[in-house]
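I opened the notebook to look up rings, charges and contacts. My entries follow in the order I made them.

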Amino acid sequence: MKVLELFLAAVMAAAFCLSPSLVHAQDQSGFISIDCGITEGSSYNDKITGIRYISDENYTNAGVNKNISPKINTTGIDKQYLNLRSFPDGNKICYTLKPLRSKNKYLIRAGFLYGNYDELDDVPKFDLYLGVNWWETVTLTDASTLFTTEIIHLLSSDYVDICLVNTGFGTPFISVLELRLLEDRTHSNVSQLVFDRLGLALSDSIRFSVDVYDRIWLPFPSQQWEVKQTSYAIKSPDDDKNGVPNAIMQGAAVPINQSDAIVFYFSRDDPTTQFFLYMHFAEIENLPQNQTREFNIYVNKTLWSGPIVPKYLQRTTVSSISPLKGTDFTVSINKTINSTLPPLLNAIEIYQVHELLQAETYEDDVHAVMNIKSYYNVKRYWQGDPCGPKTARWQGLNCSYDAYDPPRITSLDLSSSGLTGEISPDILNLKMIQYLDLSNNSLRGSIPSFLSRLPYLRVLNLSENELSGSVPSELNERSKNGTLILNVENNKRLCSSDCKSKSIVPVVATVIPVVILVLIAVAVFWFCKRTNQDTNSGGVNEHTRAPKLNERHFSYSEVLTITTNFGRILGEGQFARVYHGYVDRTQVAVKIFSPSVAQAYKQFSDDAKLLTRVHHRNLVTCFGYCDEDSNRALIFEHMINGNLEHILLDRNANILSWQERLQIAKDVAQGQPTASSVLSFLFLLVLLSFCFQFGV
């Protein structure tokens, strides 16, 4: 018996030569279609498919746009392949796609055409990753051949990272990236690579909008069979899970020799490879009563399904309940002894199981390091998952990898990274960190005590910064007992122990300036008091200006909006943190009191009474407060010019003169409610000025 053989090659490149007659207006709400490398902000509708393609600047912040060489023959090449985005810098570059519907099943397709865009005639080779898991090695045969790959994947979150990883064999690039929403009931929930998708009666490739999911169906013509066609619609099963387009099912391949079987082969070298097989049948001839078409399906000579009698103008789909396992597969469709007609076949789909076994980085660690990246505006190629893949983790990070648990961040090196501001409080959320290097930056403020609460921290390098105050006693103790290697060298204003024990300047050099400053303070106080008596006994009221939003009550949800979900921290105290925010385009400072500390409520009450009672043009303005359940906050005017310490230091280029300092003291004193608080504030200001100026 003569055998009709279908050799199923991976010829997906032919999928992009489509007929213009297939253009229809269809819903694309579940699509993301990116033409990588077109001008930023541009978009267009493809003339063949009608699909709207957009530029990629909202999905990645790396790479450069390039056009393929004009020497490449572009006949039959779709517009999406005439340009590309190249990534000469960075080990791992990712596109982050956020579809409208999260945690659904999607078809993701990536396309590549080198086109000798760099005029080097050196075809690159690199890896493509889906999140932290290897998807495909992009292997191009030459400069003018397309490479495409598709995967069906069930999203586990509201986003997915598609990453290009440099493996040392040329610069990664990408031409087109597409994401298509599928029905959840189509295919199994395991991730699957598209191995082949064929319509045996097709004369040309089809995709959207004939296929509403934009799946690409390839023709597979042969001189060994004849094609049967019908113009009638093919009915799908009531419980249809496959959504095969009607245009695919309106044609079928039938062996010319009625005794022939339909046989096809597919294989992979890896013996652990698994496949899902879908075969679609529909009788397109209205057979007379004396004729029958009946056949069995064999896989590797074992009966797989049958006997099958395709129904007239109705689709029947036979598929794998469980995946086929092995390296080589022979599928044979043979007519039964009762059949008067040869077998037919309308369409085939073959999918290769692609297990995604690598776990993503522990979620709390991801949030923490992303916040640190945002806090310091880190200028590194930190994209995708911090720890995965293992060969392309973020620069400056080390992680622990366990066969069963998600990776954890154990080391963070941000030395010589141009960091400014204070030490980020998000570091506390890296619970497994062992090594932390923030040296050779411009970090200011004190060393937070929370660093001593990192249980696994073994090395802490804070040298070559502008830190001030004392090293927390807990860190000193750990350094002394050998459980922590601590380096705080070359922080000129930092005390290695309690600053109170620091040597002070000689008594004579200290006492005389202090006496002079106190006398000046008393003189200013006397002048302010006399001025107030001359103008109005209620001097505070004369200068009072009530802000528009004074004593306004804010809900906790409004506080979240004002601070952009506590995105930028300004400072931290024993009972509260202060965050930056906006109220009606006005910069504000939002003081959030800890709900777990009893003393914090008293502090909130005291601060609220003071700030809402005293209003003066020389005092900070209170915008309002939040007191909702256990959430308490004060919202007041943000002073954008820095703190008192900063403007009193002689290392600051804009240091205040002594005349300006006394004027500020006078102005603030005019806003104070009592004489005792006036004198206290004046004395504090001049004393602080002296201490900062002379390093006491």
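Is Glu 178 buried or exposed? I found Glu 178 buried, at 3% relative accessibility. Buried means under 20% relative accessible area, exposed means over 50%, and partly exposed lies in between, with a 1.4 Å probe and protein chains only.

I noted the ground rules next. This is a predicted model, in which local features need pLDDT of at least 70 and side-chain atom pairs count only at pLDDT 80 or more, while totals for chains, interfaces and linings use all residues. Residues are numbered from 1 along each chain as its sequence is written, and side-chain values use heavy atoms, with hydrogens and water left out.

**Entry: salt bridges**

I searched the whole structure and got 19 salt bridges. Each is a side-chain nitrogen of Lys or Arg within 4 Å of a carboxyl oxygen of Asp or Glu. I looked up the partner of Glu 178: Arg 109 meets Glu 178 in a salt bridge of 2.7 Å, N to O. Arg 109 lies in strand E8 and Glu 178 in strand E14 (residues 176-181), so the bridge ties together parts 69 residues apart in sequence. Strands (E, at least two residues) are DSSP runs, numbered from the N terminus. Arg 109 is buried at 2% relative accessibility.

I then checked Arg 444 and Glu 466. Their side chains form a salt bridge of 2.9 Å, N to O. Arg 444 sits in the loop between strand E31 (442-443) and strand E32 (459-461), and Glu 466 in the loop between E32 and strand E33 (468-470). The two are 22 residues apart. Arg 444 is partly exposed at 30%, and Glu 466 is partly exposed at 35%.

I placed Glu 150 in strand E11 (residues 147-154). Glu 150 is buried, with a relative accessible area of 4%. A polar contact of 3.4 Å joins its side chain to that of Arg 197. Such a contact is a pair of N or O atoms within 3.5 Å; within protein, one must be able to donate a hydrogen and the other to accept it, and residues adjacent in sequence count only if both atoms are side-chain atoms.

Arg 215 lies in the loop between strand E15 (192-199) and strand E16 (218-219). Arg 215 is buried at 2%. A polar atom of its side chain lies 2.5 Å from the backbone oxygen of Gly 243.

**Entry: rings**

I counted 21 aromatic pairs in the structure. Rings of Phe, Tyr and Trp (its six-membered ring) pair if their centres lie within 6.5 Å; planes under 30 degrees apart count as stacked, over 60 as edge-to-face and the rest as tilted. Phe 112 and Phe 173 are edge-to-face, 6.1 Å centre to centre with 85 degrees between the planes. Phe 112 is in strand E8 (residues 105-112) and Phe 173 in strand E13 (residues 173-174), 61 residues apart. Phe 112 is buried at 0%, and Phe 173 is buried at 0% too.

Ring pairs link Phe 112, Tyr 114, Tyr 117, Phe 126, Phe 147 and Phe 173 into a cluster.

Last, I looked for charges over rings. That requires NZ of Lys or CZ of Arg within 6 Å of the ring centre and within 35 degrees of the ring normal. Lys 79 lies over the face of Tyr 44, at 3.8 Å from the ring centre. Arg 180 lies over the face of Phe 31, at 4.2 Å.

Methods. Helices (H or I, at least four residues) and strands (E, at least two) are DSSP runs, numbered from the N terminus.
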